[in-house]
Amino acid sequence: MSSTMTRFALYENEVAAKFVKRFVTATRVIDDSALPKATQELVKIRASQINSCGMCLDMHTKDAAHAGETPVRLAMIAAWQESTVFTDAERAALALTEEATRLADKSGAISEDTWGLVRKHYDDDQIGALISLIATINAWSRLNVISGMVGGGYQPGQW
(Lines give C-alpha, C1' and ligand atoms only; values in the text may rest on other atoms or scores of the structure.)
Protein backbone atom coordinates (compact mmCIF):
# COMPACT_ATOMS: atom_id res chain seq x y z
CA MET A 1 0.00 0.00 0.00
CA SER A 2 1.51 3.30 -1.01
CA SER A 3 -0.30 5.49 1.50
CA THR A 4 0.57 5.88 5.16
CA MET A 5 -3.13 5.97 6.00
CA THR A 6 -4.97 2.82 6.97
CA ARG A 7 -7.97 1.92 4.87
CA PHE A 8 -9.99 0.76 7.89
CA ALA A 9 -9.54 1.73 11.55
CA LEU A 10 -9.46 -1.89 12.69
CA TYR A 11 -8.56 -1.16 16.29
CA GLU A 12 -11.16 1.61 16.61
CA ASN A 13 -14.07 -0.43 15.25
CA GLU A 14 -16.19 -1.94 18.05
CA VAL A 15 -16.56 -5.40 16.50
CA ALA A 16 -12.96 -5.69 15.36
CA ALA A 17 -11.62 -4.31 18.64
CA LYS A 18 -13.57 -6.93 20.59
CA PHE A 19 -12.16 -9.65 18.37
CA VAL A 20 -8.60 -8.35 18.66
CA LYS A 21 -8.87 -8.17 22.46
CA ARG A 22 -9.93 -11.81 22.64
CA PHE A 23 -7.29 -12.80 20.09
CA VAL A 24 -4.56 -11.15 22.18
CA THR A 25 -5.76 -13.06 25.24
CA ALA A 26 -5.71 -16.36 23.34
CA THR A 27 -2.13 -15.81 22.15
CA ARG A 28 -0.86 -15.52 25.74
CA VAL A 29 -0.93 -19.33 25.87
CA ILE A 30 1.80 -19.34 23.22
CA ASP A 31 3.80 -16.60 24.97
CA ASP A 32 3.76 -18.66 28.18
CA SER A 33 4.73 -21.93 26.46
CA ALA A 34 8.10 -23.70 26.46
CA LEU A 35 8.70 -22.76 22.80
CA PRO A 36 11.86 -20.61 22.97
CA LYS A 37 11.17 -16.88 22.74
CA ALA A 38 13.83 -16.41 20.05
CA THR A 39 12.15 -19.09 17.93
CA GLN A 40 8.79 -17.40 18.45
CA GLU A 41 10.11 -14.12 17.08
CA LEU A 42 11.85 -15.81 14.12
CA VAL A 43 8.57 -17.50 13.20
CA LYS A 44 6.62 -14.24 13.49
CA ILE A 45 9.13 -12.40 11.34
CA ARG A 46 9.32 -15.05 8.62
CA ALA A 47 5.54 -15.36 8.27
CA SER A 48 5.26 -11.57 8.22
CA GLN A 49 7.88 -11.37 5.46
CA ILE A 50 5.99 -13.89 3.35
CA ASN A 51 2.71 -12.03 3.96
CA SER A 52 4.26 -8.59 3.28
CA CYS A 53 2.89 -7.27 6.57
CA GLY A 54 4.76 -4.07 7.34
CA MET A 55 3.00 -3.63 10.67
CA CYS A 56 3.97 -7.12 11.85
CA LEU A 57 7.53 -6.80 10.55
CA ASP A 58 7.96 -3.47 12.29
CA MET A 59 6.74 -4.90 15.59
CA HIS A 60 8.49 -8.25 15.57
CA THR A 61 11.88 -7.14 14.27
CA LYS A 62 11.97 -4.36 16.87
CA ASP A 63 10.81 -6.68 19.67
CA ALA A 64 13.39 -9.30 18.67
CA ALA A 65 16.21 -6.73 18.57
CA HIS A 66 15.07 -5.32 21.92
CA ALA A 67 15.20 -8.87 23.36
CA GLY A 68 18.81 -9.26 22.17
CA GLU A 69 18.47 -10.83 18.73
CA THR A 70 21.51 -10.01 16.60
CA PRO A 71 21.35 -7.79 13.52
CA VAL A 72 22.94 -10.57 11.43
CA ARG A 73 20.28 -13.12 12.36
CA LEU A 74 17.50 -10.58 11.80
CA ALA A 75 18.90 -9.77 8.37
CA MET A 76 19.23 -13.45 7.45
CA ILE A 77 15.69 -14.61 8.28
CA ALA A 78 14.47 -14.10 4.71
CA ALA A 79 17.35 -16.29 3.49
CA TRP A 80 17.39 -18.75 6.38
CA GLN A 81 17.88 -21.74 4.05
CA GLU A 82 21.09 -20.20 2.71
CA SER A 83 22.58 -19.24 6.07
CA THR A 84 24.48 -20.82 8.93
CA VAL A 85 23.27 -18.58 11.76
CA PHE A 86 20.24 -20.62 12.84
CA THR A 87 20.15 -23.78 14.92
CA ASP A 88 18.72 -27.00 13.50
CA ALA A 89 15.66 -26.55 15.73
CA GLU A 90 15.14 -22.98 14.49
CA ARG A 91 15.53 -24.16 10.90
CA ALA A 92 12.83 -26.79 11.48
CA ALA A 93 10.49 -24.11 12.88
CA LEU A 94 11.24 -21.78 9.96
CA ALA A 95 10.60 -24.58 7.45
CA LEU A 96 7.24 -25.34 9.06
CA THR A 97 6.41 -21.63 9.13
CA GLU A 98 7.21 -21.25 5.46
CA GLU A 99 5.24 -24.30 4.35
CA ALA A 100 2.25 -23.50 6.57
CA THR A 101 2.17 -19.84 5.50
CA ARG A 102 2.27 -20.87 1.83
CA LEU A 103 -0.45 -23.56 2.07
CA ALA A 104 -2.24 -22.32 -1.03
CA ASP A 105 0.94 -22.44 -3.11
CA LYS A 106 1.23 -26.22 -3.29
CA SER A 107 -0.67 -29.42 -2.77
CA GLY A 108 0.24 -31.74 0.04
CA ALA A 109 0.55 -28.96 2.61
CA ILE A 110 3.34 -29.80 5.06
CA SER A 111 6.08 -32.10 3.77
CA GLU A 112 6.97 -35.24 5.71
CA ASP A 113 10.61 -34.08 5.76
CA THR A 114 9.67 -30.84 7.49
CA TRP A 115 7.33 -32.60 9.89
CA GLY A 116 10.08 -35.07 10.76
CA LEU A 117 12.47 -32.24 11.58
CA VAL A 118 9.88 -30.53 13.75
CA ARG A 119 9.22 -33.82 15.58
CA LYS A 120 12.98 -34.31 16.07
CA HIS A 121 13.52 -30.93 17.74
CA TYR A 122 10.32 -30.17 19.64
CA ASP A 123 8.11 -31.97 22.15
CA ASP A 124 4.33 -32.12 21.83
CA ASP A 125 3.68 -28.98 23.90
CA GLN A 126 6.22 -27.01 21.88
CA ILE A 127 4.72 -28.31 18.64
CA GLY A 128 1.26 -27.28 19.84
CA ALA A 129 2.62 -23.80 20.56
CA LEU A 130 4.46 -23.67 17.21
CA ILE A 131 1.37 -24.64 15.20
CA SER A 132 -0.75 -22.15 17.15
CA LEU A 133 1.86 -19.43 16.69
CA ILE A 134 2.06 -19.95 12.93
CA ALA A 135 -1.73 -19.83 12.67
CA THR A 136 -2.01 -16.68 14.77
CA ILE A 137 0.79 -14.70 13.12
CA ASN A 138 -0.77 -15.47 9.76
CA ALA A 139 -4.12 -14.24 11.08
CA TRP A 140 -2.51 -11.07 12.48
CA SER A 141 -0.82 -10.42 9.14
CA ARG A 142 -4.09 -10.77 7.33
CA LEU A 143 -5.93 -8.48 9.75
CA ASN A 144 -3.24 -5.82 9.32
CA VAL A 145 -2.77 -6.16 5.55
CA ILE A 146 -6.51 -6.24 4.77
CA SER A 147 -7.18 -3.17 6.92
CA GLY A 148 -4.14 -1.36 5.51
CA MET A 149 -2.06 -1.06 8.67
CA VAL A 150 1.48 0.11 7.94
CA GLY A 151 4.72 -0.29 9.81
CA GLY A 152 7.23 2.20 11.07
CA GLY A 153 5.89 3.69 14.27
CA TYR A 154 5.99 0.75 16.67
CA GLN A 155 7.97 1.04 19.90
CA PRO A 156 9.18 -2.22 21.58
CA GLY A 157 6.76 -3.34 24.26
CA GLN A 158 4.07 -0.95 23.06
CA TRP A 159 1.42 -3.66 23.10
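**Exercise 1.** Determine which residues Asp 63 touches, not counting residues up to four places away in sequence, and which side chain is its polar partner.

*Solution.* Asp 63 touches Glu 41, Tyr 154, Pro 156 and Gly 157 once residues up to four places away in sequence are set aside; contact means heavy atoms within 4.5 Å. The model is predicted: local features need pLDDT of at least 70, side-chain atom pairs count only at pLDDT 80 or more, and totals for chains, interfaces and linings use all residues. Residues are numbered from 1 along each chain as its sequence is written, and side-chain values use heavy atoms, with hydrogens and water left out.

Next, look for polar partners. The side chain of Asp 63 makes a polar contact with the side chain of Tyr 154 at 2.9 Å. A polar contact is a pair of N or O atoms within 3.5 Å; within protein, one must be able to donate a hydrogen and the other to accept it, and residues adjacent in sequence count only if both atoms are side-chain atoms.

Last, check for a salt bridge (a side-chain nitrogen of Lys or Arg within 4 Å of a carboxyl oxygen of Asp or Glu). Asp 63 is buried yet has none; Lys 44, the nearest side chain of opposite charge, is 6.4 Å away. Lys and Arg count as positive, Asp and Glu as negative, and His and the chain ends are not counted. Buried means under 20% relative accessible area, exposed over 50%, partly exposed in between (1.4 Å probe, protein chains only).

**Exercise 2.** Describe the aromatic pairs of the structure.

*Solution.* The structure holds two aromatic pairs. Phe 19 and Phe 23 are stacked, at 5.3 Å centre to centre and 25° between the planes. Because they are four residues apart in helix H1, about one helical turn separates Phe 19 and Phe 23. Phe 19 is partly exposed at 44%, whereas Phe 23 is buried at 14%. Phe 23 and Trp 140 form a tilted pair, at 4.9 Å and 45°. Rings of Phe, Tyr and Trp (its six-membered ring) pair if their centres lie within 6.5 Å; planes under 30 degrees apart count as stacked, over 60 as edge-to-face and the rest as tilted. Phe 19, Phe 23 and Trp 140 form one aromatic cluster.

**Exercise 3.** Find where Thr 27 is placed and what its side chain reaches.

*Solution.* Thr 27 is in helix H1 (residues 14–31); helices (H or I, at least four residues) and strands (E, at least two) are DSSP runs, numbered from the N terminus. The side chain of Thr 27 reaches the backbone oxygen of Val 24 at 2.8 Å.
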